[in-house]
Amino acid sequence: MAVHQLSRTDARRIAVRAQLLGRDRPTDLHEVVRGLTLLQNDPTNAVAPSADLVAWSRLGSAYRPSELAEALAKRSLVDLRLMIRPAEDIALYRAEMDAWPGEGPSYRQQQHKWLHTNEICRQNILSRLDVEGPLPARAFEDTCVQPWKSSGWTNNRNVTQMLEFMVLNGDVAVSGTDKGRLWDLAERIYPDVPAVPLDEAVRIRNERRLRSLGIARAKGPGCPVEPIDVGEVGEPAVVEGVKGQWRVDPEQLGQRFAGRTALLSPLDRLVYDRKRMDELFQFDYQLEMYKPAAKRRWGYWALPILYGDELIGKVDAAADRKAGVLRINAVHEDEPFTKAMTAAVRKEIRDLAKWLELELP
């Protein structure tokens, strides 16, 4: 198969168009989630939760966060490991759940062994859910005979770790939220659809991921929940000025491009893979919420600015809901904005404030 020769501009436009950020907007939340394959369910609410920001950046101010809450309540969308996915896609994960831990890395075997050692706690959780329905993690008694050991924040958090591993083996699922996640039996949450065989499921997931990204690496660093690479699906490509080979969605090749301006969540899939972002967009960006304030360059939850097929700066914004205002602490211009850029960014900021039902001071 011939290797496609792409310029950086070609690659960027493929990526932007695949992420539904071109001029032609999608019209429906489910269309967005199916097109992107997921919305990351991160609760950080400095401006708005990331899943809502991603939906707004595609759909515009017609989108209402209540749409996402309603879709989750009706189970047309489901939360799988903090990734909101179309309910029908659960069929692509059932075989993996059934085979867990499979022949995966050693840490998976350790998780499985720990789960088996604490079988009494697992059965207690299942019994409570069977009788009482959705419950928060704090409702369960810690009956683990062996505590979970970790050098990180999960050390001795036995019930929450038990629930996370029970998601992996298909026992439980997220039912909703009430000051934290609510848990229920997976059979009550996920659609009753047969599992797609594992090898086929992995291939389909890779194909859908490539379709949503447009262009990606065949191999990348391990990401335990959602990979950033796509295996050997798609077709090979090289990008001028960038080392190594890529995989490209052939359906994106040769299409016209019409861009627009958008403010992106820091967790938006266009920028989530920071190495890919740097290679294709040559954009300098980090999420700085974990840095001391004095060491931040762009802000706690700075929003990358997409202008056409380029990332041109960041908006340091914060929603002050008590005061009823959207505070714009700074607009960082990577290069001096043209008048057209300035006008387009200001328009997006006004639209963001309108969507949030906040005033601009």
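Modeller: Helix α11 (residues 274-281) lies across β8, β9 and β10 (245-248) and runs at about 95° to β10. This is a predicted model, in which local features need pLDDT of at least 70 and side-chain atom pairs count only at pLDDT 80 or more, while totals for chains, interfaces and linings use all residues. Residues are numbered from 1 along each chain as its sequence is written, and side-chain values use heavy atoms, with hydrogens and water left out.

Colleague: Why are β1 and β8 said to stand at the edges?

Modeller: The open sheet of four strands has the order β1-β9-β10-β8, with mixed pairing. β1 (4-6) and β8 (215-216) each have a single partner strand, so one side of each is left without a neighbour in the sheet.

Colleague: Why is α1 called roughly perpendicular to α10?

Modeller: Helix α1 (residues 8-18) and helix α10 (residues 198-213) pack at about 110°, with axes 6 Å apart. That angle falls in the range of 65 to 115 degrees, whereas under 35 would be roughly parallel, over 145 roughly antiparallel and the rest oblique, and therefore α1 is roughly perpendicular to α10.

Colleague: What makes W56 and W355 a stacked pair?

Modeller: Rings of Phe, Tyr and Trp (its six-membered ring) pair if their centres lie within 6.5 Å, and planes under 30 degrees apart count as stacked, over 60 as edge-to-face and the rest as tilted. With 5.6 Å centre to centre and 15° between the planes, W56 and W355 are stacked. W56 lies in helix α3 (residues 50-59) and W355 in helix α12 (residues 339-356), so the pair ties together parts 299 residues apart in sequence.

Colleague: How do you know whether W56 is buried or exposed?

Modeller: Buried means under 20% relative accessible area, exposed over 50% and partly exposed in between (1.4 Å probe, protein chains only). W56, at 2%, is therefore buried, and W355, at 6%, also counts as buried.

Conventions: Pairing = 2+ DSSP bridges. Helix = DSSP H or I, 4+ residues; strand = E, 2+ residues; numbered from the N terminus. Contact = heavy atoms within 4.5 Å. Axes fitted to C-alpha atoms, helices over the stretch in contact; angles between N-to-C directions.
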